[in-house]
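Good morning, and thank you for the time.

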Amino acid sequence: MKKYLTGIVLFFLLVAVADICAGKVMDYCLNHLKGGQYHSLEYAMKETMADVLVFGSSRAINHYVPKVIEDSLGMSCYNCGFHAQGIIFQYGRLRYILNRYKPKLIVYDVEYHFDLGKGDNERYLDMLKPYCSDTCISNYFKDFSYTEYVKNYSRLYRNNTNIFDLLKDYSANGVASENGFEARKGTMDYEVERKDIPPVEVDSVKIAYLKKFIQSCKQHQIPLVMFVSPRYDASSSTVHEPIKKMCKDEDVPYYDFFTDSCYQNHKELFADSKHLNEVGASYYTRNIVPFVRMVLNK
């Protein structure tokens, strides 16, 4: 019996040691990236001190050019957007960043699917798992999902959903972004039928965290402005109405370019039907600067 118990103890001890060692390896890789999306993630979380921060999904990464904002406003800028992520991820990221410093302005690019529609919300926590050693992130997990909070005691679990992408970025020394901005190359060479995007089933959890994001900005006295950037294949922007109403109620500036003819009539500005290309992103960013300036001068 004693031998049996000793074997069990040794087994769990080996698992614990392996878990800690694997976590150390992943932390090392994350801290020594030269480029790629995980380098941008790490830099935004731990290093940037930019005056202006841009939040949102891939449409934020591809549509907001920090250099244009910097040249126009004389303020530093970093694009904190991340592919296929929305408010649940971005609110956790905001909490982490605000523990380090207070930016002078936050721009949020709204995307109805990731910021409004009902879905698997726990998956949006995946990219925050490596930062669970920090109290503000671990407490965020505890509030959002106690089960996920407990699971994150395992260092391996924290990285199990992104380990291969992280190792790929580390081994390949991915290309560094331009202050978080990733340009979409090429030009849309096909035509699509424009259609009305039907209203989504509004997720009360996402709405709650949008409000938390807004309240955090107000609490820290950080001007916040929300944009809906252009899309080629949409005929109306009614899908964003719940967010538009929230911004009105919360007195947050909100500007909608989703179906703006200045962009939709120019296919050469798009890489595909949902994303502007590099030329389109520069053109769009220049066009929103006056609105950003108004918010700063308010």
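**Aromatic pairs and charges over rings**

Phe114 counts as buried, at 14% relative accessibility, where buried means under 20% relative accessible area, exposed over 50%, and partly exposed in between (1.4 Å probe, protein chains only). The model is predicted: local features need pLDDT of at least 70, side-chain atom pairs count only at pLDDT 80 or more, and totals for chains, interfaces and linings use all residues. Residues are numbered from 1 along each chain as its sequence is written, and side-chain values use heavy atoms, with hydrogens and water left out.

Rings of Phe, Tyr and Trp (its six-membered ring) pair if their centres lie within 6.5 Å; planes under 30 degrees apart count as stacked, over 60 as edge-to-face and the rest as tilted. This rule gives 22 aromatic pairs. Phe114 belongs to helix H6 (residues 112-115), while Tyr124 lies in the loop between H6 and helix H7 (135-144), 10 residues apart. Helices (H or I, at least four residues) and strands (E, at least two) are DSSP runs, numbered from the N terminus. Tyr124 is buried as well, at 4% relative accessible area.

Next, Tyr255 and Phe291: their ring centres are 4.6 Å apart and their planes at 45 degrees, so this pair is tilted. The pair joins strand E5 (residues 254-256), which holds Tyr255, to helix H14 (residues 278-296), which holds Phe291, 36 residues apart. Phe291 is partly exposed, at 23%. Ring pairs link both residues into a cluster whose members include Tyr64, Phe227 and Tyr284.

Finally, the charged end of Arg194 sits over the ring of Tyr232, 4.5 Å from its centre (NZ of Lys or CZ of Arg within 6 Å of the ring centre and within 35 degrees of the ring normal).
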